[in-house]
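Colleague: I'd like to learn how to read salt bridges in a model like this one. Can you walk me through it?

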Amino acid sequence: MDDAVPDEEAYATRVEEAFIAERGTPFLLSPKDWTLIRGWRENGVPLDVVVRAVREAFEKRRARSQAGKISSIAYCASSVEELWEMERRGLVGKARETAVAGANAPAREESLALLSKGLRAANERFATAEGIEDFLRRVSEGGALLAAAAKVEALARDLPFEESESALSAIEAALLRSALKGLPPKQKELVESRVSAALGDVAGVSPAVVERMRRALTRREVRLLLGLPALTLLHG
C-alpha cells in the first residue's frame, strides 16, 4: 500500500462521515462495514472515489424518492465498484481530473484555510472554556492547536490529493493523541463508554481489526467531545 494513502483508521472514518452526512442521522460502523471498507482500501480504491460513490448512491436514491433509512455502507458497495471500474477504464476521465485538480487550486486553498481557521478558533475557545476548562486551557496554553494549524497552513498546495489527505490525517492523529493523554478521568470514561457502545458485538472479528476499530472510534469521539474540525479536504 502506498504510504500516501490515508491509514486504515482515517480512511474508514472519512467514509463513515460521508455516509452519515448523506444518511442525515447518526450511524456507527459495524464490523461488516469495517471489513468492506478495509477491502476497498486494500484493493487500492482511492478515498475520494469511495466518498463520491457514497454521495452518488444517495443522490440516486433521493431521485427515486425512496423512503427509509439505510443501515449499512454495503448499500453503496455497487456504486463504489461501478465508479472505480469507470475510473480505471478511463470512462470518468475529466470528471475525476477536475475533482482532484480542484483540490489542488483555489478549492484546496479555501479548504485548508477553513481547517486552519477552525483549529485557531478552537484554541481561542479553549482559552476561556468552562466545564473541563482546566484541561482545555492546558491544551490551548500548550500550543497543540496552534501547532496543528501551522502545519495545515504549511502544506504544499500542489500535493496529490491522497498525499494531502494522508498529511492531514497525521496532523489530526497527533493532535488527538496529545489531547487524549491529558483528558480528565470523567471525560476519558465517557469516551471509552461511547467507543465500547459503538464497537458492539465484535465476536469473530480478529483482535487486530478490533484494535484498529477502537483506535479510530476513540479518535473520532475525542474530536467530537472537543468540537474540533475533521482534518480532511472531503467536506461538502
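Predicted model: local features only at pLDDT ≥ 70, side-chain atom pairs only at ≥ 80, totals over all residues.

Colleague: Which residue does R215 form a salt bridge with?

Modeller: With E211; the closest N and O atoms of that pair are 3.9 Å apart. The cut-off for a salt bridge is 4 Å, so this pair counts. E211 is partly exposed too, at 37% relative accessible area.

Colleague: How far apart are R215 and E211 in helix α11?

Modeller: Four residues, which means about one helical turn between them. Elsewhere, salt bridges with shared partners link R14, E17, E172, R219 and R223 into one network.

Colleague: What about R88 and E85: where do they lie?

Modeller: Both are in helix α4 (residues 77-88), three residues apart, about one turn of the helix. R88 counts as exposed because its relative accessibility is 53%, and the cut-off for exposed is over 50%. E85, at 32%, counts as partly exposed.

Colleague: And E16 with R220: are they buried or exposed?

Modeller: Both are buried. Their side chains meet in a salt bridge at 2.8 Å, N to O. E16 sits in helix α1 (residues 8-23) and R220 in helix α11 (residues 207-226), so this pair ties together parts 204 residues apart in sequence.

Colleague: How many salt bridges does the count come to?

Modeller: By this rule, 15 salt bridges.

Terms used. Residues numbered from 1 in each chain as written. Heavy atoms only, no water. Helix = DSSP H or I, 4+ residues; strand = E, 2+ residues; numbered from the N terminus. Buried < 20%, exposed > 50% of the residue type's maximum accessible area, 1.4 Å probe, protein only.
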